[in-house]
Amino acid sequence: MCLTGRMRPMPCKIDNRTRAKTRWTPAETTVQFRVMWRSFAALLLLVTPALAQENATAYEALRVVGRQFGRGALNHIVSITGVRGEPQPEKWKIILENPGARGGVREVEIADGRIASDRTPGRSVTGSTEGATLDTARLNLDSSGAYALASHTADKSNTRFKTADYTLRTDERGEPIWIVTLLNKSSRPVGTIYIGATRGVVTRTEGMFAGATMEDVENDYDREDEGGIIGSVKSRISHAFHRTQEEARGMFERVKRSFSDFINRE
C-alpha cells in the first residue's frame, strides 16, 4: 500500500523491473551455485592437507615393516621409539633382532607411510631387557591409546606438557610396556608414565605423584604407623595415584586396540 498526501492508503504499483530484480533466472542460479562450489572447493583444499598430515601411529608403522619385510619380521621387534609427538611423532624408529648383523640388530625408520632409512648400527642397542623381542600378540594398546592414558595421568597430576616421546619395549618380566615421556615447550621432560601395553595399567610415574608406583599403592594401607605431616602427604599422593590408575583402567576399555586384529584386517 502507498500513502497519499492525506495519509490515505492507496494501492501501489510495482514496476515490472523491480519485480524482475526479486527473481533469480536460471542463469543467475547457475552463477550463484558456481560461486558456492568454488568457495567449498577452496575450503576443501585447505582442510585436506591438514588431514593428510596427521602422523602415523606405532601400529601403522609396524604394518609398513610387515609389508616390506614380511609378517615374520614382526616376530623380531625389539623396540619402537618416536620423539616429539603432537600427539604422534613424524617418524618411528623400529629396532629388529638380527643375529647375523654386527650389532645384532637392524634399525628401520618409518616416515610418511614408507621406510625412510634401513641400517645396521655398529653396536648393540640397549633399552629392552637383554634385547628381548616383543610378543605382538600381547599388544592391546597403540601409541594413540598410550597418549590418551598418559595425557589423562598428566592432567590428574596437574602436569602441563606440549609433546610426547614414546618407547615400546619389554619390561624386566618380558611384558610389553609403553614408556611415555612428556615434555614442555622448552623440550624439557616434565614427567614419565609407564603403561602396560597388554592391560593398560599405569604401573609407575616419574615426576608425577612424587614418583608413586604400584608397590606404593599396595603398601599404602600397611602404613598406619606413619603419622604426622609426612605420613599424611604420602597417603594423599598414594591415593591420588590409585584413583588416577583406576580411571585410566576404565579409559583403557575405550582406547584398547588389539595389534593382531589390526594387522589381520589388511
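The protein exposes about 16800 Å², of which carbon and sulfur atoms supply 50%; accessible areas come from the Shrake-Rupley method with a 1.4 Å probe, and for residues only the protein chains shown count as cover. This is a predicted model, in which local features need pLDDT of at least 70 and side-chain atom pairs count only at pLDDT 80 or more, while totals for chains, interfaces and linings use all residues. Residues are numbered from 1 along each chain as its sequence is written, and side-chain values use heavy atoms, with hydrogens and water left out.

Of the 266 residues, 34% count as buried (buried means under 20% relative accessible area, exposed over 50%, partly exposed in between, with a 1.4 Å probe and protein chains only). Among contacts (heavy atoms within 4.5 Å) with a separation of 6 or more, 52% link residues 24 or more positions apart. The protein contains seven helices and ten strands; helices (H or I, at least four residues) and strands (E, at least two) are DSSP runs numbered from the N terminus.

**The sheet**

Eight strands form an open antiparallel sheet in the order β6-β5-β4-β3-β7-β8-β9-β10. Strands β6 and β10 (202–206) stand at the edges with a single partner strand each, so one side of each is left without a neighbour in the sheet. On average, neighbouring strands are turned by 15° against each other, direction ignored. Strands count as paired if DSSP finds at least two bridges between them.

| Strand pair | Bridges | Residue pair |
|---|---|---|
| β3 and β7 | four | Ile80 and Leu168 |
| β3 and β4 | four | Ser79 and Ile95 |
| β4 and β5 | seven | Ile94 and Val108 |

Strand β3 covers residues 77–85 and β7 residues 163–170. A hairpin of five connecting residues leads from β3 to β4.

**Helices on the sheet**

Helix α3 packs on the sheet, where it touches β3, β4 (91–97), β5 (105–111), β6 and β8 (176–183), and its direction makes about 50° with that of β4. Axes are lines fitted to C-alpha atoms, for helices over the stretch in contact, and angles run from 0 to 180 degrees between N-to-C directions. The twelve residues of α3 (58–69) reach 17 Å from first C-alpha to last, close to the 16 Å expected at 1.5 Å a residue; the expected span is 1.5 Å times one less than the number of residues. Its buried residues are Ala58, Tyr59, Ala61, Leu62, Val64, Val65 and Gly66. Just after α3, Gly70 adopts a positive phi of about 95°.

Helix α4 (residues 143–156) lies across β4, β7, β8, β9 (189–196) and β10, and runs at about 55° to β8.

**Two residues around α3**

Thr57 belongs to the loop between α2 (26–52) and α3. Thr57 counts as buried because its relative accessibility is 8%. Apart from residues up to four places away in sequence, Thr57 touches Gln88, Trp92, Asp142, Ser143, Ser144 and Arg257.

Arg114 lies in strand β6 (residues 114–119). With a relative accessibility of 49%, Arg114 counts as partly exposed. Leaving aside neighbours within four places in sequence, Arg114 is in contact with Val64 and Glu109. The C-alpha atoms of Arg114 and Val64 are separated by 6.4 Å, although the two residues are 50 residues apart along the chain.
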